[in-house]
Amino acid sequence: QDGWNGLLFESGNADRLSEALQQLLDDRPRTIEMGRNARQQAEHMNSPDDHYQQTIAIYEKVAQKVATS
């Protein structure tokens, strides 16, 4: 999410990339906060429980397709 856990820019836009990097260099507290937010999001999205739930959902979809075939 732009500004919350990183800075977004269009692929190939070197000027915007340069601006984003300069923002990070100029505002260390914000950079640290965005890093913490990114880690929190990654930990939440990749928790063992979430992984388990996603795997079970896939198995259930496959089992349902096999049962209706």
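Here is a quick tour of this protein chain, from its overall shape down to a few residues. Keep in mind that you are looking at a predicted model. The chain has three helices and zero strands, and reading along the sequence gives the pattern α-α-α. Its radius of gyration is 19 Å, well over the 11 Å that the globule rule gives for 69 residues, so the chain is more spread out than a compact globule.

**Overall shape**

- Taken along the principal axes, the C-alpha atoms fill a box of roughly 60 × 25 × 10 Å.
- As for burial, 10% of the 69 residues count as buried.

**How H1 and H2 pack**

- Two packed helices are described by the angle between their axes and the distance between the axes.
- Helix H1 covers residues 14-26 and helix H2 covers residues 28-45. They pack at an angle of about 105°, and their axes are 5 Å apart.
- Angles of 65 to 115 degrees count as roughly perpendicular, and H1 and H2 are therefore roughly perpendicular to each other.
- On the H1 side, the residues that meet H2 are Gln 23, Leu 24 and Asp 26. On the H2 side, you'll find Arg 28, Arg 30, Thr 31 and Met 34.
- Sorted by type, the residues of this contact come out as two nonpolar, two polar and three charged.

**Around Asn 5**

- Asn 5 sits in the segment before H1.
- Setting aside neighbours within four places in sequence, Asn 5 is in contact with Met 34, Asn 37, Ala 38 and Gln 41.
- With Gln 41, the link is a polar contact of 2.3 Å between the two side chains.

**Over in H3**

- Helix H3 spans residues 48-68, and Gln 54 is found there.
- Gln 54 counts as partly exposed, because its relative accessibility is 47%.
- Between Gln 54 and Arg 30 there are 33 Å in space, C-alpha to C-alpha, and the two are 24 residues apart in sequence.

Definitions and conventions:
Residues numbered from 1 in each chain as written. Predicted model: local features only at pLDDT ≥ 70, side-chain atom pairs only at ≥ 80, totals over all residues. Heavy atoms only, no water. Axes fitted to C-alpha atoms, helices over the stretch in contact; angles between N-to-C directions. Helix = DSSP H or I, 4+ residues; strand = E, 2+ residues; numbered from the N terminus. Parallel < 35°, antiparallel > 145°, perpendicular 65-115°, else oblique. Contact = heavy atoms within 4.5 Å. Nonpolar A, V, L, I, M, F, W, Y, C, P; charged D, E, K, R; others polar. Polar contact = N/O pair within 3.5 Å; in protein donor to acceptor, adjacent residues only side chain to side chain. Rg over C-alpha atoms; globule rule 2.2 N^0.38 Å. Buried < 20%, exposed > 50% of the residue type's maximum accessible area, 1.4 Å probe, protein only.
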